[in-house]
Amino acid sequence: MLNVNAKAFVPPGVIEGAPPSFHTIGWYRYRLSVPVERKMSVVQEDRYLNSISSLLSLKYLYAERGGLDDDSLQYFLNGQFMVSSNIPSNGDEEHVSSGFLLSRSILTLYTELTAVAHLNDSRGLLVHLDLPTEFNGDVAIFLANAWEAFFAAVSENASVSAIGYSRSVVGMGGIQTNGTYRHYFFAACTSPESLEVVVGGIMSESPVSVARIVRMKSVVPYLCSPHLQLGVMITVGEEAKLSAIKDRRADFSLEMKYRADDFFEAWKALRDVETQLLEILNGDVKWDRIHVLHLHVDPAASENPKLVDTPVFDHSNMGLVFTPSIQLDDDSVFPTFVWLPPTSLTVRFSVEKVVVANEMNEGFDRAYLGVSSNSVHNRIIIPYEGEFADYQREAYPTLAVGSIVECLLRRADDGAHWWDVLQDFDAAENCEADSFDHVDELVHSPGVTQDEMLWLLKAPSYQCERCHKVNDVGRRNSRHNAYWCKNCWIETGHGDCMYCGRAFALGMLDGTSNLFYCEECWRAFSTFNTDAEIGYHVPPPPNATFTQQVTTRCVSLLIDLMNPKTPSNDVLDLCCGGSVVRKWMRNKTLRYVGIDLKRSVVDATTSVISSSKEMPTEARYDVICGDVFSDDFWMSTIVKIHPRQFHVINCFAGLHHAFCSEEKARHFLGSIANALVPGGTFLGMFIDASVLFAKGKKYANSIMKAGWSVDSVPRIGHTFQFTTNNGPMRDVNVIPIDFLIAVASEYGLHAVSEAYLTFRELIEKDPSWTKVPSADEKEYLCARRTFAFKKESNELAPFSPARKSDTA
């Protein structure tokens, strides 16, 4: 009988007791949750032993709930393929799926380990699918279709003990959009040779082609490991080889001679290496640790001294195509060259003069170009407006004065142009230079750039099958087998989410901003933090003055007041300060960005964060130094550290710096609106200048002091002097309340009336505030105000006359 702990490893619905070693009644389902990004670290090989047992014990492989019927299996598979995109995990999810395993036997560490040991050593097939390898590539639908064919080939085969799917990415280099994505199906079986024929035949009829099918030992540990199990070290030349083997001994060694000037020999050498590598994979290797393969390339000396030693990769080769074609009958390979000069953009010149192009560009020469005169009776070669073409000397060794060269006209976006040499002709070819008028018409007549011409050639493929408009922002609809533009995808409920970045996800447009958000983000925008500690007040600093005490208290009260009205898991704190960040921690905010101009404030806030024990699990809090009121703040600073919108933006100090002029205030409020999600909130505090102005040009009490110049009034663009606690007077920009509300509404920010309060009104609502303020303190409390603006949220349901048939 299984004990309580053992049951956690057994799929629900299975009867107690050790199962037989093999079941034909169904498939036990296991989710694979190893990191999608696979890395090779030889440092870890000594302390990490890869096997089915280690995957189970570390919960990289764990059982999924559900019965053994076909419907439950199909539901499980649909869920797996829906999340199998070319997007790496951000590490926040608890169990990120990187694949799955379907086993005929129960895999557990608490009963008989025969099934685990058998699967660990089992031979099998690795099926590499030919799917998009780039970031954000659309693969989910193709995977599901390919799996149907694969499952049909293996599910009824009695020799198959386990099947599955694994996805991974390599080569990211710390950048999310980098890397190569790979998708594999696999099958553990006793006779992979015969199964390969069946799988290859059925998969050939699948809409997804197969890049390769490989037989190998211990296929499940190889594909399901959290690390790359085979690393390839390549050395070129004897010196590199000696250095490599001195530092590390490889598990496998291969060597090939490479002839750069002989296509057939190079191809043959690569095929030999490929054959040896396949033999290693199918050999007696358990892949229980990271292995290293050393491939040494011995470059053979070139027999053609005229070949270019160092090719110039940015040199134009437009129209030149080199493709190795394979003859299927006898597996022979032929190099195929196709030369298609773009004659509409090419001109033939006569070379007037040849000089060294630039001392810094060794190996390059400059050919000054001449054209034929327009005279019919006396054609001579004349310089064409002093224009020239730079070329690589070794690429055109026979080019000299008097040579005829064909050049490609290249244009820049700013209207400038230049020439690239495509080919030169010798005297035997009897070629002539084009006339001045012909060249001049091509150069100065309105035309298209090279990129524009290439786009026009592809334009027919960008015609939307649904609306019949040409739009290159879109993708193929697999269900209709046709290209759809982005607008049609959005109309049918698909798009790129502005907040989380998911590509072509199900969701809706925001009618106010016309931005698209996925369904999951829309749900997040309409929720609030139910675990927030309402009523927690951040302690003021030691020896705090009355103004510091009430400001700190009112910040906590305002956040509590707005918590049930807005999401607050993503916060931007402008002019942040000290211990107030602890309120956001107690609010259970997961993402916080604080910004202040003073380094001392940034250091103090960082110290509070690093020493706090109140940080929510998996939260990320960053504090940086920056000028939040500069014109380029949002583009130069925010997008680099937080390239998405915020749930809450607050400014509890220094807001008046944004109101020195109407233009600057509008820029600031517009930027706030753009940086908020639909339903997001802008919180803040300011000094009510109208209250102080009503007290006269000069006013003072024991708490505060204010003064106005002769021409100053409480309107935008004016200032007054203000201080508290007998500090030095400082200029403060007026924030007119009516202006603030009116301009904010122009940008879709609507005032929340419940939050438009004086400090006194807010404090009086707090039952835990027991201090009775003096008359002077009351005047200060009435001169300070809080506010909250909520961004409009208008979910537009997808509209389509044929909604049911058009949904992808």
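What volume does the second largest pocket have?

## Basis

This is a predicted model, in which local features need pLDDT of at least 70 and side-chain atom pairs count only at pLDDT 80 or more, while totals for chains, interfaces and linings use all residues. Residues are numbered from 1 along each chain as its sequence is written, and side-chain values use heavy atoms, without hydrogens and water.

## Second largest pocket

The volume is about 1500 Å³. Its lining has 46 residues, and Cys575, Phe652, Ala653, Gly654 and Arg730 are the closest to the pocket centre. A pocket is an open set of points on a 1 Å grid over the protein atoms alone, where a 1.4 Å probe fits, with protein on both sides within 12 Å along at least five of seven lines; lining residues have an atom within 4 Å of a point.

Helix 14 (546-562) is the largest contributor to this lining, with 5 residues. Helix 16 (599-611) and strands 27 (676-687), 30 (719-724) and 31 (730-733) each supply at least two. By class the lining has 21 nonpolar, 18 polar and 7 charged residues.

## Helices 18 and 20

The axes of helix 18 (662-674) and helix 20 (737-746) come within 9 Å and cross at roughly 50 degrees. The crossing is right-handed.

Glu662, Ala665, Arg666 and Leu669 of helix 18 meet Phe739, Leu740, Val743, Ala744 and Glu746 of helix 20, contact being heavy atoms within 4.5 Å. These residues comprise 6 nonpolar, no polar and 3 charged.

Note on methods: Grid points are joined across faces, edges and corners, and a volume is the space filled by probe spheres set on the points. Helices (H or I, at least four residues) and strands (E, at least two) are DSSP runs, numbered from the N terminus. Ala, Val, Leu, Ile, Met, Phe, Trp, Tyr, Cys and Pro count as nonpolar, Asp, Glu, Lys and Arg as charged, and the others, Gly among them, as polar. Axes are lines fitted to C-alpha atoms, for helices over the stretch in contact, and angles run from 0 to 180 degrees between N-to-C directions. A crossing is left-handed if the near helix is turned anticlockwise from the far one by less than a right angle, and right-handed if clockwise.
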